[in-house]
Amino acid sequence: MGKKRIYELSKEIKVESKKIIDEANKKGFNVKNHMSTLDPHEEKAIRDAFSSKKKNNSQASNNKQNKNKKPNNNSNHNVKNNHSDNNNHSNNHGNNNNHGGNNNHRNNDSSNNFKKGKKNKKKFNKRNNRHNRFAGMYTKNQRIRQNHKQKKAPERKERPLPETLVYTVGMNAQEIGKIIHREPAEIVKKLFMLGIMVNQNISLDKDTIELLAEDYGIKAEEKQEVNVSDIDKFFEEEEENTDYQESRAPVVTIMGHVDHGKTTLLDYLRNSHITAGEAGGITQAIGAYQLKRNGKTITFLDTPGHAAFTAMRARGADITDITVLVVAADDGVMPQTVEAIDHAKAAKTPIIVAINKIDKPGANPNHVIEQLANYELIPEDWGGDTIFVEISAKMGTNVDELLDMILLQSDVMELQANPKQHAAGSVIEARLDRGRGPVATLLVQQGTMHVGDPIVVGDTFGRVRTMNNEKGIELDAAKPSTPIEITGLNDVPEAGDRFVVFDDEKTARAAGEERAKEAQMEERKKNNSVTLDNLFESLKEGEMKEVAVIIKADVQGSVEALSGSLKKIDVEGVKVNIVHSSVGAINESDVALAEASNAIILGFNVRATSQAKDQADADNVDIRLHQVIYDAIDEVESAMKGLLAPKYKEVVTGEVEVRQLYKASKVGTIAGGMVTNGVVKKDSKVRLIRDNVVIYTGELNSLKRFKDDAKEVKQGFECGLTIENYNDIKEGDVIEAYEMKEVPAE
Ligand SMILES: Nc1nc2c(ncn2[C@@H]2O[C@H](COP(=O)(O)OP(=O)(O)OP(=O)(O)O)[C@@H](O)[C@H]2O)c(=O)[nH]1
């Protein structure tokens, strides 16, 4: 005989695990929870203990029952009498009325009957209430029993447990309760007895759900997700479907630095290339439009800016075929130009450079070309393969040449799709229109969309009720690369969501509803972003072949030193891929790029802006901050080797904003300020931060509240402080207090 787990024994002898644990502890056995084991001797001792207890109990309850028998019967009797008394009244009452009513009003207008009935009902209630007053004449005990009896009644109706609990990981007690026909509270209690403390809304993992099922004595089976809701699968299948192929229009996104002319170019294109037949249509902002050049069509996504582009990619929608990078000839390469290059490269879309504003006196296109050479964008004349076009978006100069180049690039790419299948594609944008309900702009990427098609869009579903293009012209059918605006969905999908047309509306509805449920589950489960802590696991499971990193540092020298060293790390054939690197604070765009590329952000002597911090928290993006280059490199390398075992973790406890300075000859610079966040302690380690860059790291020398020494100062209070061996504090500096906390071993 082997060892037995407590919960198994609990099931066998029908005694709650908790009671067994108590009994075992009383007997001095070494058990902790329901998973603890008992050896055969211990098991026997427990069985004996409970079998004798049961005997005693049943004897006691027999005695009790015998004792209670008489009054119980009496009370039942009384209660019954009471009921039948009531019934008699109502019967009499009803009969009397029916009698009269039926005689007088048979086959009459039903409202007449209804009114009469209402009146009679009132009368009846009155009488009945009067009668109930007699309830007061029963003894207290009788009433308790009566209540008890009434309360107990629903229990008999309890539906039987299903044979098998078919579950999805992440379900909570409420959802499981619905499946097994039990109250969530009962499930929570059961879990408590099994040593698992949860409330009704907490997601349960696989082990817990299976344990629960076992405790109920039923089988558990994880739901197999071969379901219609996996529209990504449909989408990929459709994409691989090459039975029939036709060339399709390229989908183009315009990106570039602020004010370099993205909007001007998009507007010029939109207004100058309206073909004769469409001239009457009013152009609407639907997030995308098509234009024709020499009989060929180009689709432009009308959402300039990296945020939209990256947000789409983060949601898995790589819908752009070609990126046009706009660089103003009078301004040259700017930070967002570099960002745009990195975003386009990360999405692996070819870049066509449009050097804009060549009409301006200060324009220097050659300088731009020279600058871009540093980012591997080299024109053919210089031996590279990037297409450059010098334009003026304002004047329209060379804009047609730019279109020709887009078409040339698209020819090289041989963009194709199969219009002879169900439509599939992505959401460009979506909104709720007061009159029309959910309105979504979609890009058809495969197949042909028709009005009336049953459709699943992200987690929403419906039937295409209306379909129009950007000019408001109604369409019956839309082929690949066509942007369309549709109505008929049950809810508003999100930009970047995919859509697929189904055979019938019923399946579409089932898929849509299932997806909405899954989305809710997904939301509850922890996001599985790559972090340095789980990096090794991901590498081991073969999910990754490269580690994506974004570097932000205080000076260009550090950026280069860090990226140079990181590129040299080579662990078991896995390389570091630097997705983006630049000087400055970690911003929202970095976090968005990290999320889209599953990258880790390394900050060297810089901080994240508060928006970026919030966004990183929400998206589970790992930001690592360092002051020593070797530490940063070591950390990444150790993580790749699976050796990352930080014993201490830095915890920022608070921040002081420096508002005033006092120079004292003896103590140096005293900073007067306000604790804007958390708490600052006398023995805190501190970092002096100026414009999001770490200037100095050290320790506090003194911390005061007014004239008195303080052990700590909390948020909202003023304080004075000095930093050990450091006097170069300035007004507006932020002093970040932190401590090293030991991280418990896993
Ligand atoms: N002279 C000249 N001015 C231009 C040209 N293209 C754009 N501009 C001007 O540059 C300014 C900025 O242009 P936008 O098109 O708004 O720039 P943007 O890149 O869309 O800017 P954001 O939307 O803020 O990112 C506007 O005043 C335009 O009129 C051009 O080819 N020549």
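Ala, Val, Leu, Ile, Met, Phe, Trp, Tyr, Cys and Pro count as nonpolar, Asp, Glu, Lys and Arg as charged, and the others, Gly among them, as polar. By these classes, the shell around the ligand holds three nonpolar, seven polar and six charged residues. Of the 16 residues around the ligand, Gly261, Lys262, Thr263, Thr264 and Lys394 come nearest. Helix H10 (residues 262–272) supplies the largest share of the shell, three residues.

## Basis of the model

This is a predicted model, in which local features need pLDDT of at least 70, side-chain atom pairs count only at pLDDT 80 or more, and totals for chains, interfaces and linings use all residues. Residues are numbered from 1 along each chain as its sequence is written.

## Overall make-up

The protein has 20 helices and 33 strands; helices (H or I, at least four residues) and strands (E, at least two) are DSSP runs, numbered from the N terminus. Of its 746 residues, 34% count as buried, that is, with 20 or more other C-beta atoms within 10 Å of their own; exposed means 12 or fewer, partly exposed in between, and C-beta atoms are placed from the backbone.

## Helix H17

The buried residues of H17 are Ser558, Leu562 and Leu566. They lie on the same side of H17 because they cover an arc of only 55° around the axis, taken from the directions from the helix axis to the C-beta atoms. On the other side, Gln556, Gly557, Gly564 and Lys568 are exposed.

How values were computed:
A residue is near a molecule or strand if its C-beta atom, placed from the backbone, lies within 6 Å of it.
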